Amino acid sequence: VLNKVRKLFSPELMSSGFPRALEIGAGTGYFGLNLKLAGLIDELVCTDISPGMVDVLNQHAAQLGLSNVSATRADAEALPFADKSFDLVMGHAVLHHLPDLAQSFREFHRVLRPGGRILFAGEPSRIGDRIARYPKRAAGKLGPYWRRAVRASPPPAHAPAGSAEEHDHSLEAFVDIHAFVPSDLEKIAEGAGFDPVSVRGEELLANWFGWFNRVLESHADPQDVPMLWRKYAFHGYLLLQRVDRRALEPTLPPSIFYNLLLTAQRPTP
Ligand SMILES: C[S@@+](CC[C@H](N)C(=O)[O-])C[C@H]1O[C@@H](n2cnc3c(N)ncnc32)[C@H](O)[C@@H]1O
């Protein structure tokens, strides 16, 4: 999580940190709680539209022994907070779920103090997603041969029709509302009054490698996937993440990466 933030914020900003941060669509706390643990934030206010997520997040914060963390149910389009009351508004994998992005960004701008920042990571890239279909398709064709090579049994039967799992998958198309090109995010942020605005791309080779392996593995019973293969997939992914971070992300256009990262500032008067 900290590596994502380092891609967007200067070393000075990372060391000064943020006195008060608001997380949008915080889910079970993966993003904000890790940043709080890393010491980047003093007071963390987490929000999510789902009361169930808010309960789980509160439990996680208590299990981690974190103080100065609260979680509240709130819709990103109507935030129940005072104007200019946060130094940072952030989120991970949430913007693509928000129906009215222009209204949500106006709310982010309203609750930020002048000079404050927004940071959003893990947003789906429309072109990056299309490119990732090629390794997925290739692995789909090679999967049966790979399974025989590692001597694995076929996977257990899929979720039965009408089961809760099948219902969850069928809802994905309704909740994943947007996929972005960088200029979409830039225009929305600028339209709400942010300046400057910056969008970066994240994960290319690591993502292709990850999808290729995941689709291969979906052809086998998870219990039969050999440990040596798991180590290769895990360490290979980490190695390619480093190649992406050091060589590709600073040079190639953001639009071809799998995820987009956005940061912007509320200007000072
Ligand atoms: C893909 S999850 C990401 C959760 C978490 N940020 C993470 O990365 O693990 C998206 C989250 O956004 C929340 N969400 C969806 N629409 C929302 C809205 N209008 N306002 C606030 N949260 C919303 C969902 O309830 C869900 O917890």
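This is a predicted model: local features need pLDDT of at least 70, side-chain atom pairs count only at pLDDT 80 or more; totals for chains, interfaces and linings use all residues.
1. The largest pocket has a volume of about 550 Å³. It is lined by 28 residues, and those closest to its centre are Gly-25, Asp-48, Ile-49, Val-94 and His-97.

2. Several elements contribute to that lining. Helix α3 (30-37), strand β2 (41-48) and helix α8 (164-175) each supply at least two residues of the lining of the largest pocket. By residue class, this lining comprises 16 nonpolar, 8 polar and 4 charged residues.

3. For the second largest pocket, the volume is about 330 Å³. Its lining is made up of 15 residues, of which Asn-207, Trp-211, Arg-214, Tyr-258 and Asn-259 are the closest to its centre.

4. Helix α10 (residues 205-217) gives the largest share of the lining of the second largest pocket, namely 3 residues. The residues of this lining divide into 5 nonpolar, 5 polar and 5 charged.

5. Strand β2, which supplies residues to the lining of the largest pocket, runs parallel to strand β1 (residues 18-23), and 5 bridges join the two. Within this pairing, Ala-21 has Leu-44 of β2 as its bridge partner. The chain passes from β1 through α3 to β2 in a right-handed β-α-β crossover.

Conventions. Residues are numbered from 1 along each chain as its sequence is written. Side-chain values use heavy atoms; hydrogens and water are left out. On a 1 Å grid over the protein atoms alone, a cavity is a set of points where a 1.4 Å probe fits but cannot get out, and a pocket is an open set with protein on both sides within 12 Å along at least five of seven lines; lining residues have an atom within 4 Å of a point. Grid points are joined across faces, edges and corners, and a volume is the space filled by probe spheres set on the points. Helices (H or I, at least four residues) and strands (E, at least two) are DSSP runs, numbered from the N terminus. Ala, Val, Leu, Ile, Met, Phe, Trp, Tyr, Cys and Pro count as nonpolar, Asp, Glu, Lys and Arg as charged, and the others, Gly among them, as polar. Two strands pair if DSSP finds at least two bridges between them. A crossover is right-handed if, with the strands pointing away from the viewer, the path from the first strand over the helix to the second runs clockwise.
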